[in-house]
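Work through the exercises below with the model open beside you. Try each task before you read its solution.

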Amino acid sequence: MTTLLMVEGLCREVEQFLYREARLLDEYKFEEWLSVFTKDCRYVIPSRENRKEPGDGIRAGPGDLPLVDDDKEFLGARIARLRSGFAHAEEPLSRTRHIVSNIELVAGDLAAGLRVFSNVIVFQSRLEKTEKFYIGRRDDELVRLDGSIMIRRRTVVLDHVLLPRSLSIIL
Amino acid sequence: MDLERGRVSRRIFFDEEVYHRELTQIFARSWLYLGHESQIPNAGDFVTAYMGEDPVILCRGKDGSIRAFLNSCRHRGMKVCRLDAGNARSFNCSFHGWSYSTDGELIGVPFHNTVYRDLDRSKLGLHAVPKVENYGGFIFGNWQAGATSLERHLGDMRWYLDILIERPLGGIEVLGGQQRYQCHSNWKIAAENFSGDTYHLPFSHKSLFMLKDVRPFNPVGYESASKLHTVVFPEVGHALTAIGTTDERYEADLKLAREMGPEVVEYVKESRARLLAKTSEEQARIYALAFGNVFPNFSFNNFSALRPLGLYLWLPKGAQSIEAWQWCAVSRDAPASVKSIIREDFTRVQSAAGVAGQDDTENFEQVTEATRGAIGQTLDFVYSMGLDNSPGVEMEGYPGRFYPYFSEAGQREFYRHWATEMQR
């Protein structure tokens, strides 16, 4: 029986996809980055509380306040804002470095939806010396459309309860 | 400080001695926002908060009343609650095992009779915040047992806060979760922003206004500035901005509601009807408070019944450091479609990752960087806009003193009150 772990080619393909997707952000190729998201995509970053209950204080339900909950249109609006010259928080653009690791193929397949976990550390360096790290894990749903891997859903669960700074970059 | 000329020394934003004096003169004596009652509905529910740099627990006791305590064991100081929120039957210290009831009483001392001869438990309960008062669901605490009431402190701003409190159908409900972020800035730079800085909106937030064709942005709330006012409350240091005395905001809500569906039209009409029933014609006409600040550091914004009630605390963590804590609230009985667009609106705009919140951070941080040097601190910040309108006008039927929309009167009154408190 073939398990996901044994599908070496698929693992490599997904890893290379995630590394390239991260590089597009670090190279400010935002429009190209957005093109790897499906039309019906959703990009969510829950907020986080220091709690004891199951779910570890991760808040993203309809009655909760998340940090980010974007559809493709709003991701596009964020990028348009970055290009406008008036997004002062990113003028000039921050220097970023997305480190992606611990990539695991969890379940499913690229036809119906492949669940992929990964860890991420994003370094931001802004202006002279404003430097922050944002650390979390991603829970992605990937699909293959017209031969290319795309992201249908991304949830970034940050480990911070107190963010190092307000979030002006795309994680 | 020379408020007659609208000048405030930059020193007060960076000087360590000034900051330490603020901790005793301002934060140890003012009414400070702790949380909303909807966050702690049941007995044993708690949230943790800060009053100045003191960590506190805000807890609903067994008898249903709300109390606050310093989050510190009376024995040797360990925090007795290390969670942001939850429900507790008691607060237990992990150091030597002392335990406290949710009313703050010391109920458990391990080996008490063996190891202690004279330990008066009744005197070693959690150090209570002596005054905790609730205005319309907003809970404030004051470390001074002899402080005047919260109502007195809110002063004439109460009349306006009643709009915020009475309009929501079913009352205010704070959404689950919170957002917290660090910011390299003095707390006053953030608080004064909500106290009257309408001037920064078209510039700092220009990229936001450029997104007006993207949901949830719409014309609601972007009325002509000439019809709006800054309202200040001298003696107490609070201020409100962009207050309208026509029905324009309600009309804009109705227009949007018609596009959304009949249950939303009904919600908007009922919201206004509720305001008329519970408050007054004048208050119903104002309908939404835009943005404002309750001295010292509790800010809020609400532009419409179809937009979020944002709640903000600027917690002092040093002369050049704050933690910004923020929440989003809705009307408990609003239709699901309304709660959904409100949640989306706050998340996209004011969120710590939102398209408005980010640009304010850049300003706060770089103001701090530019003015911390020896020469920078010899200069003033200029708050002279609208000095020629001093002392503002009285509008028949509306408390407070009125200034034009673009004005720095809100900030001047904030610093006037600050100076009074610092010298008291």
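Helices (H or I, at least four residues) and strands (E, at least two) are DSSP runs, numbered from the N terminus. The model is predicted: local features need pLDDT of at least 70, side-chain atom pairs count only at pLDDT 80 or more, and totals for chains, interfaces and linings use all residues. Residues are numbered from 1 along each chain as its sequence is written, chains are lettered from A and ligands numbered from 1 in the order in which they are written, and side-chain values use heavy atoms, with hydrogens and water left out.

**Exercise 1. Backbone**

Task: Find where Asn102(A) lies, and state its phi.

Solution. Step 1: Asn102(A) sits in strand S5 (residues 95-109) of chain A. Step 2: its phi is near 50 degrees, a positive value in a residue other than glycine.

Task: Which residue joins Pro296(B) through a cis peptide bond?

Solution. Step 1: the partner is Phe295(B), and omega is near 5 degrees. Step 2: Pro296(B) belongs to the loop between strand S16 (290-294) and strand S17 (298-302) of chain B. Step 3: now look at Ser390(B) and Pro391(B), also joined by a cis peptide bond, with omega about 0 degrees. Pro391(B) is in the loop between strand S20 (380-382) and strand S21 (393-395) of chain B.

**Exercise 2. Helix packing**

Task: Describe how H8(B) packs on H9(B).

Solution. Step 1: take the angle and the distance. Axes are lines fitted to C-alpha atoms, for helices over the stretch in contact, and angles run from 0 to 180 degrees between N-to-C directions. Helix H8 (residues 248-260) and helix H9 (residues 262-278) of chain B pack at about 160 degrees, with axes 7 Å apart. Step 2: name the arrangement. That angle makes H8(B) roughly antiparallel to H9(B). (Under 35 degrees counts as roughly parallel, over 145 as roughly antiparallel, 65 to 115 as roughly perpendicular and the rest as oblique.) Step 3: list the contact (heavy atoms within 4.5 Å). Among the residues that make it are Tyr250(B) and Leu254(B) of H8(B) and Val264(B) and Val268(B) of H9(B).

Task: At what angle does H5(B) pack against H13(B)?

Solution. Step 1: H5(B) and helix H13 (residues 409-423) of chain B pack at about 135 degrees, their axes 9 Å apart. Step 2: H5(B) is therefore oblique to H13(B). Step 3: the contact includes Trp187(B) and Ala191(B) of H5(B), with Phe414(B) and Trp418(B) of H13(B).

**Exercise 3. Two chains meet**

Task: How many residues of each chain are in contact, and what area is buried?

Solution. Step 1: 42 residues of chain B are in contact with 43 residues of chain A. Step 2: the two chains bury about 3700 Å² between them, 52% of it on carbon and sulfur atoms. (Buried area is the accessible area, with a 1.4 Å probe, that two parts lose on being put together, summed over both.) Step 3: in chain B, Arg343(B), Arg348(B) and Glu362(B) lose the most area to chain A, together 17% of what that side buries.

**Exercise 4. Salt bridges**

Task: How many salt bridges cross the interface, and how many are there over all chains?

Solution. Step 1: recall the rule. A salt bridge is a side-chain nitrogen of Lys or Arg within 4 Å of a carboxyl oxygen of Asp or Glu. Step 2: the rule finds 7 across the interface of chain B and chain A. One links Glu369(B) and Lys129(A), at 3.7 Å from N to O. Step 3: over all chains the count is 51. Step 4: within chain A, Glu49(A) pairs with Arg59(A), their closest N and O atoms 3.0 Å apart. Glu49(A) lies in the loop between strand S2 (47-48) and strand S3 (58-59) of chain A and Arg59(A) in strand S3, so the pair ties together parts 10 residues apart in sequence.
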